[in-house]
Amino acid sequence: MPETPMSPTPMSQRHRITVTVNGQSHEREVESRRLLVDFLRDDLHLKGAHIGCEHGVCGTCTVLCNGESIRSCITFAVQADGAEITTVEALASGAVLHPLQEAFWEKQGLQCGFCTPGMLLRAYEMLQRDPDPDAATVREGIASNLCRCTGYQFIVDAVLDGAERMRAGASAAAASGSAETVDS
Ligand code: FES
Ligand code: FES
């Protein structure tokens with residue numbers, strides 16, 4: 001007797017999910033088809049992840065999922081159930097910019113700023129793994145993210161400068177005996 005094919009999950013089916021975003025736990029009910037970027041922007045009102053191509057190509061919707069960069073435009077919110085998501089809003093401490101953001105500001109690593117949230121998080125992820133990259137490594141690292149304004153050179157300069165600032169911050173924290181924070 002032929003097997004009966006399993007009926008697909010209706011995309012309108014609702015699921016209760018718990019996602020930690022920027023250190024805060026959120027429990028919500030979402031439809032199967034709810035995209036993570038829409039969940040972040042519309043349900044949690046975190047507008048930092050931008051929506052560009054909506055096809056996983058441009059990278060402006062980049063967020064970190066358990067520390068790894070993902071495209072939130074091609075990720076369903078239900079896939080983030082139980083995960084730790086970091087958005088660009090987590091980088092600054094109130095009005096104090098993250099060293100990487102300061103570097104982007106001072107080195108003109110942005111013009112219109114549309115790609116910037118994704119660039120910042122991609123660079124942040126890269127610097128967690130390699131705090132002292134050379135320009136070629138940075139260039140390769142950000143190759144996953146598109147920018148239509150800067151020509152990339154200023155972004156590479158900004159990431160290298162941000163890396164230097166982060167290393168200096170980590171050294172100062174170690175010298176003062178304060179707990180190391182990756183964000184300062
Ligand atoms: S909007 Fe997600 S990759 Fe372009
Ligand atoms: S600064 Fe405009 S797209 Fe990158």
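**View 1. Opposite Thr18 stands Glu27 of β2.** The model is predicted: local features require pLDDT of at least 70, side-chain atom pairs count only at pLDDT 80 or more, and totals for chains, interfaces and linings use all residues. Residues are numbered from 1 along each chain as its sequence is written, while chains are lettered from A and ligands numbered from 1 in the order in which they are written. Strand β1 (residues 14-21) and strand β2 (residues 24-31) run antiparallel and are joined by eight bridges. Strands are DSSP runs of E with at least two residues, helices are runs of H or I with at least four, and both are numbered from the N terminus. Strands count as paired if DSSP finds at least two bridges between them. Val21 has Gln24 of β2 as its bridge partner. Two residues lie between the strands of this hairpin, and Asn22 takes a positive phi near 50°.

**View 2. β5 pairs with β1 and with β3.** Strand β5 (residues 84-86) runs parallel to β1, with two bridges between them. Here Thr20 stands opposite Glu84 of β5. The pairing of β3 with β5 is antiparallel, again through two bridges. Cys65 has Ile85 of β5 as its bridge partner. Strands of a sheet pair through backbone hydrogen bonds, either parallel or antiparallel.

**View 3. Five strands form an open sheet with mixed pairing.** The strand order is β2-β1-β5-β3-β4. β2 and β4 stand at the edges with a single partner strand each, so one side of each has no neighbour in the sheet. On average, neighbouring strands are turned by 40° against each other, direction ignored. Helix α3 (residues 116-129) packs on this sheet and touches β3 and β4. The direction of α3 makes about 35° with that of β3. Axes are lines fitted to C-alpha atoms, for helices over the stretch in contact, and angles between N-to-C directions run from 0 to 180 degrees.

View 4. The bounds come from an automatic or database domain assignment. Contact requires C-beta atoms, placed from the backbone, within 7 Å.

**View 5. The largest nonpolar core has 42 residues.** Such a core is a set of buried Ala, Val, Leu, Ile, Met, Phe, Trp, Tyr and Cys residues joined through C-beta atoms within 7 Å. Leu36, Ala77, Leu120, Ala123 and Val159 have the most contacts inside the core. At least two residues each come from β1, α1 (36-43), β3, α2 (99-106), α3 and α5 (153-176). α5 supplies the largest share, seven residues. Domain 1 and domain 2 each give the core at least three residues.

**View 6. Residues of α2 are buried, with α3 and α5 in the cover.** The buried residues in α2 are Pro99, Leu100, Gln101, Ala103 and Phe104. Buried means 20 or more other C-beta atoms within 10 Å of the residue's own; 12 or fewer means exposed, in between partly exposed, with C-beta atoms placed from the backbone. Setting aside residues up to four places away in sequence, Leu120 touches Val88, Leu91, Leu100, Gln101 and Phe104. Gln108 follows α2 and has a positive phi, near 55°.

**View 7. The protein chain holds five helices and five strands.** From the N terminus, the elements run β-β-α-β-β-β-α-α-α-α. The C-alpha atoms fill a box of roughly 70 × 40 × 35 Å along the principal axes. Of the 184 residues, 36% are buried. Among contacts with a separation of 6 or more, 56% join residues 24 or more positions apart.

How values were computed. Two residues are in contact if their C-beta atoms, placed from the backbone, lie within 7 Å.
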